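Open the model in your viewer and keep the selection tool handy.

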Amino acid sequence: MFDLHVQGELLALTYSLGGLAVVIAWILDPRAIGNRAGMATLLVFVLAAAVVIYVLRNHPPRFTGDVAIVGSLVLIDLGLFFTKLHSHPGLLSPFFVWVGVASPLWFPRRRAMFYLFLALVASGVAIVVAGTAAAVAGWVITMATLIVAFCITSFLTDALVKRERLAVVGEMASVVGHDLRNPLGAVSNALFLLQYGLGDGVTEDQERHFQMAGREIAKAAAIIDHLGAYVRPGEPVIAPMELGALVGEVLEVTPPRPGVDVTLDVDRIDLLADRGQMAQVLTNLITNSYDAMGESGSLRITASVEGRAAVIEVEDDGPGIERSLAERVFEPFYTAKHQGTGLGLAIVRRMVEAHGGSVHVDGDASRGTRFVVRLPYRALPPATDSARPAFGVAGSPVGDAQRTPTAGRTPGTSPVAPAETQPTARQ
């Protein structure tokens with residue numbers, strides 16, 4: 001009779017089972033009922049509410065969930081006054097705990113926490129009614145169970161939403177990639193043939209239009225690649241790498257603008273990671289900072305070992321991020337930029353977490369932003385001198401630490417292929 005995916009049916013089932021449980025308890029121990037007329041009225045009201053909710057299950061009023069939660073707490077407390085359950089204060093725990101399970105499913109986080117608080121207060125009425133040590137113990141157990149149920153349900157709900165969102169993004173990426181690659185290729189080839197056919201007769205205006213069309217085609221193709229990189233990042237290919245050398249190589253292929261100063265404080269760190277993915281992570285974070293600072297600013301990159309973690313920090317003095325939005329910047333498609341897919345930092349998080357690490361952002365809207373990446377680290381056997389990279393950033397030797405201020409240098413020849421630059425999601 002009940003579809004537990006429908007809120008109205010779940011409420012009707014809860015009220016029905018609650019009323020049935022009270023009836024069974026009344027039959028098994030009639031002496032536990034102190035006010036039989038009051039309890040009978042309460043039971044009629046509960047069962048009638050279950051019927052009404054079930055009838056309206058497909059078109060419930062707007063505030064059905066709110067009324068059901070608050071009404072449940074009121075009904076349970078009335079039941080406490082109508083019974084002599086002070087000898088068994090834990091019997092009512094399940095009726096409070098379901099509030100902790102239901103509220104994270106149906107309401108925004110702040111309202112759900114408000115209903116959790118109400119349930120904790122309402123369950124404390126048992127102490128007032130009974131006034132015994134057993135009632136206090138029952139309330140403590142109820143409170144602990146309620147909080148645990150709330151936290152577990154909140155976590156599982158967030159994980160389910162994230163998984164469903166990723167599934168939708170994956171399906172969309174597959175469709176978009178399949179349906180757009182061939183038309184984009186045809187348009188690109190047509191533009192090339194048209195430009196080739198005009199030969200030397202291409203005017204300056206025509207050349208400008210050809211270049212603009214080429215840039216837009218490349219941008220559309222990049223969006224397809226970014227969707228694929230986020231949905232299917234691939235398993236990391238773990239191998240020994242030297243972090244300081246990688247930072248230098250990334251800076252070689254993503255040089256700062258003339259007005260941007262870059263300062264390095266990078267220890268020599270040999271760790272196990274996917275070199276390509278780490279290059280992409282650093283590229284996304286560094287270009288994200290460049291975009292945030294605009295034409296001038298200061299970027300600081302540090303890397304060190306803290307316990308069992310290699311910590312990389314990318315800090316800029318551009319406009320910061322409000323604390324309330326600090327976590328949202330890692331969500332896919334969230335961006336305040338006029339151009340960009342909002343996938344850059346989402347890709348960073350996916351790749352870092354694929355390595356068993358974490359990434360978070362520090363800062364506020366007035367003091368710049370610092371991204372902190374933590375990767376698992378364990379000391380590797382020392383490499384031979386011939387196997388070690390001889391140079392780091394722009395030809396400076398890689399020693400125990402690099403402290404190399406740079407400003408708007410011309411990119412040199414990189415010993416590795418440039419990592420693909422991803423669009424970033426930045427306040």
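How are helix 9 and helix 10 oriented to each other? Select residues 243–253 for helix 9 and residues 275–293 for helix 10 in this predicted model. Their axes lie 10 Å apart and the helices pack at an angle of about 55 degrees. Helix 9 and helix 10 are therefore oblique to each other. Turn the view and you will find that helix 9 passes helix 10 in a right-handed crossing.

Now show the side chains in the contact. From helix 9, pick L246, V247, E249, V250 and L251; from helix 10, pick R275, M278, A279, L282, T283, I286 and Y290. Coloured by class, this contact shows nine nonpolar, one polar and two charged residues.

Next, select helix 3 (residues 64–82) together with helix 4 (residues 93–106). The two axes come within 10 Å and cross at roughly 175 degrees, which makes helix 3 roughly antiparallel to helix 4. On helix 3, the contact uses A68, I69, S72, L73, I76 and D77, and on helix 4 it uses F95, F96, W98, V99, A102 and W106. Ten of these contact residues are nonpolar, one is polar and one is charged.

Finally, colour by pLDDT. The protein has a mean of 75, with 77% of residues at 70 or more.

How values were computed: Residues numbered from 1 in each chain as written. Predicted model: local features only at pLDDT ≥ 70, side-chain atom pairs only at ≥ 80, totals over all residues. Heavy atoms only, no water. Axes fitted to C-alpha atoms, helices over the stretch in contact; angles between N-to-C directions. Helix = DSSP H or I, 4+ residues; strand = E, 2+ residues; numbered from the N terminus. Parallel < 35°, antiparallel > 145°, perpendicular 65-115°, else oblique. Contact = heavy atoms within 4.5 Å. Nonpolar A, V, L, I, M, F, W, Y, C, P; charged D, E, K, R; others polar. pLDDT = per-residue confidence, 0-100. Left-handed = near helix turned anticlockwise from the far one by under 90°.
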